[in-house]
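Dear colleague,

I am handing over the structure below, together with notes on what was found in it. Please read the notes with the coordinates open beside you.

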Amino acid sequence: MDTSNWRPTQGGSAGGGDSSLESGDWRSQLQADSRQRIVNKIMDTLKRHLPFSGHEGLQELKKIAVRFEEKIYTAATSQSDYLRKISLKMLTMETRSQNPMPDAIQSNSAANSVNPSDPGMSDRGK
C-alpha cells in the first residue's frame with residue numbers, strides 16, 4: 001500500500017505524476033475572484049430561501065455564505081470535490097424549498113389536533 005499521497009507535497013510531487021493538483025495544492029490554483037463568485041452564488045440561494053430584512057439581515061446572510069464556503073474550501077480534497085459539495089448543498093436547499101417534506105411528528109400532531117367531534121368545527125363554512 002502506497003501511503004505517500006496522504007502528505008501534502010512540498011516543492012515537487014513525491015508520488016510521481018501530477019498529483020499535486022488533487023492534494024493540498026489545488027487551493028493555490030483557485031483564484032480569489034472565483035471564490036468570491038461562489039460566495040455570491042451562495043448568497044443568491046440564501047436570499048431566495050431564508051428570510052432576512054434590512055441591511056443587518058443581508059450582512060448576516062453574507063456571514064453565513066462566507067463561513068459555509070470557507071468550511072467547504074478547507075474540507076474539500078480537490079477543486080472538483082469543493083464544487084461538488086457546494087453544488088449539492090445548494091441543490092438540496094432548492095429542492096427542499098420547492099418540495100417541503102412534512103415532518104412525520106408535525107403531521108401526526110396536526111392531524112390529531114383537528115377533532116371532528118369538536119362542535120365548533122362542524123358549524124364553520126355554513
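Some conventions come before the rest. This is a predicted model, in which local features need pLDDT of at least 70 and side-chain atom pairs count only at pLDDT 80 or more, while totals for chains, interfaces and linings use all residues. Residues are numbered from 1 along each chain as its sequence is written, and side-chain values use heavy atoms, with hydrogens and water left out.

**Overall make-up**

The protein has six helices and zero strands, where helices (H or I, at least four residues) and strands (E, at least two) are DSSP runs numbered from the N terminus. Of the 126 residues in the protein, 21% are buried; buried means under 20% relative accessible area, exposed means over 50%, and partly exposed lies in between, with a 1.4 Å probe and protein chains only. Among contacts (heavy atoms within 4.5 Å) with a separation of 6 or more, 51% are accounted for by residues 24 or more positions apart.

Leaving aside residues up to four places away in sequence, Ala 65 touches Val 39, Ile 42, Met 43 and Leu 46.

The buried residues of H2 are Ser 34, Ile 38, Val 39, Ile 42, Met 43, Thr 45 and Leu 46, and they pack against H3 and H4. In H4 the buried residues include Asp 81, Tyr 82, Ile 86, Met 90 and Glu 94, and what covers the buried residues of H4 includes helix H1 (26-29), H2 and H3. An α-helix has 3.6 residues a turn, so residues three or four places apart point the same way.

**How the helices pack**

Axes here are lines fitted to C-alpha atoms, for helices over the stretch in contact, and angles run from 0 to 180 degrees between N-to-C directions. H2 and H4 pack at an angle of about 15 degrees, with their axes 10 Å apart, and are therefore roughly parallel to each other; angles under 35 degrees count as roughly parallel, over 145 as roughly antiparallel, 65 to 115 as roughly perpendicular and the rest as oblique. Among the residues that make this contact are Ile 38, Ile 42 and Leu 46 of H2, and Tyr 82, Ile 86 and Met 90 of H4.

H2 and H3 pack at an angle of about 130 degrees, with their axes 9 Å apart, which makes H2 oblique to H3. The residues that meet there include Val 39 and Met 43 in H2, and Leu 61, Ala 65 and Phe 68 in H3.

For H3 and H4 the angle is about 140 degrees and the axes are 8 Å apart, so H3 is oblique to H4. Phe 68, Glu 69, Ile 72, Tyr 73 and Ala 75 in H3 meet Asp 81, Tyr 82, Lys 85, Ile 86, Lys 89 and Met 90 in H4.

**Two individual residues**

Ala 76 lies in the loop between H3 and H4 and is buried, with a relative accessible area of 4%. Ala 76 and Trp 26 are 50 residues apart in sequence and 9.7 Å apart in space, C-alpha to C-alpha. Residues up to four places away in sequence aside, Ala 76 touches Trp 26, Arg 27, Asp 81, Tyr 82 and Lys 85.

Arg 67, by contrast, is placed in helix H3 and counts as partly exposed at 49% relative accessibility. Arg 67 and Val 39 are 28 residues apart in sequence and 9.3 Å apart in space, C-alpha to C-alpha.
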